[in-house]
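I opened this entry to record what I looked up, in the order I looked. Here is the model I worked from.

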Amino acid sequence: MNMIKWDWGMIFGTSIALLGFIIGLLYGLFKKDSLAEGFLYGFILAILLPLALIIIPVLIVLLIIGLIIILLIGISLI
């Protein structure tokens, strides 16, 4: 029987998705007084929160690389 071998990335991603779902569910229940909206916000946060934790550091690194390239081009033009 093939079992999934969990690594730290899968554990971290799953826990962040679960945390996002719980936050969205609680927001929908207490702020909007609707279980359906709670599930909707929960599913949206469960998808977007792990993606944001992956995309934001990548964008920061790309921004730094871009700034370094612009700086090097500016220095070479002087």
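Is phenylalanine 39 buried, partly exposed or exposed? I noted first that this is a predicted model. I then read a relative accessible area of 34% for phenylalanine 39, so I logged phenylalanine 39 as partly exposed.

**Rings**

I went on to the aromatic rings. The structure holds four aromatic pairs. One of them joins phenylalanine 21 and phenylalanine 39, with 5.8 Å centre to centre and 50° between the planes. I logged that pair as tilted. Phenylalanine 21 sits in helix 1, residues 8–30, and phenylalanine 39 in helix 2, so this pair ties together parts that are 18 residues apart in sequence.

I checked the burial of phenylalanine 21 too. Its relative accessible area is 18%, so phenylalanine 21 is buried. The cut-off for buried is under 20%.

Phenylalanine 21 has another partner, phenylalanine 43. I found 5.2 Å centre to centre and 55° between the planes, again a tilted pair. This pair also links distant parts of the chain: phenylalanine 21 is in helix 1 and phenylalanine 43 in helix 2, 22 residues apart. Taken as a group, Phe21, Phe39 and Phe43 are linked by ring pairs into a cluster.

**Helix packing**

How do helix 1 and helix 2 pack, at what angle and with what distance between their axes? I noted an angle of about 150° and axes 6 Å apart. I logged the crossing as right-handed.

I then listed who meets whom. On the helix 1 side I wrote down, among others, Phe12, Gly13, Ile16, Ala17, Gly20 and Phe21. On the helix 2 side the contacts include Phe39, Gly42, Phe43, Ala46, Leu49 and Pro50.

**Single residues**

I picked isoleucine 47, which is found in helix 2. Is isoleucine 47 buried or exposed? The relative accessible area is 54%, so isoleucine 47 is exposed; the cut-off is over 50%. I also took its C-alpha distance to isoleucine 16, which is 9.5 Å for residues 31 apart along the chain.

Next I took glycine 66, in helix 2, which covers residues 35–77. Its relative accessibility is 26%, so I put glycine 66 down as partly exposed.

**Whole chain**

The protein has two helices and zero strands. Its radius of gyration is 20 Å, well over the 12 Å that the globule rule gives for 78 residues, so the protein is more spread out than a compact globule. The C-alpha trace spans about 60 × 45 × 10 Å along its principal axes.

What share of the 78 residues is buried? I noted 14%. The protein exposes about 6600 Å², and carbon and sulfur atoms supply 82% of that area. For contacts between residues at least 6 apart in sequence, 32% join residues at least 24 apart.

Technical notes
Residues are numbered from 1 along each chain as its sequence is written. This is a predicted model: local features need pLDDT of at least 70, side-chain atom pairs count only at pLDDT 80 or more; totals for chains, interfaces and linings use all residues. Side-chain values use heavy atoms; hydrogens and water are left out. Helices (H or I, at least four residues) and strands (E, at least two) are DSSP runs, numbered from the N terminus. Buried means under 20% relative accessible area, exposed over 50%, partly exposed in between (1.4 Å probe, protein chains only). Rings of Phe, Tyr and Trp (its six-membered ring) pair if their centres lie within 6.5 Å; planes under 30 degrees apart count as stacked, over 60 as edge-to-face and the rest as tilted. The radius of gyration is taken over C-alpha atoms; the globule rule is 2.2 Å times the number of residues to the power 0.38. Contact means heavy atoms within 4.5 Å. Accessible areas come from the Shrake-Rupley method with a 1.4 Å probe; for residues, only the protein chains shown count as cover. Axes are lines fitted to C-alpha atoms, for helices over the stretch in contact, and angles run from 0 to 180 degrees between N-to-C directions. A crossing is left-handed if the near helix is turned anticlockwise from the far one by less than a right angle, and right-handed if clockwise.
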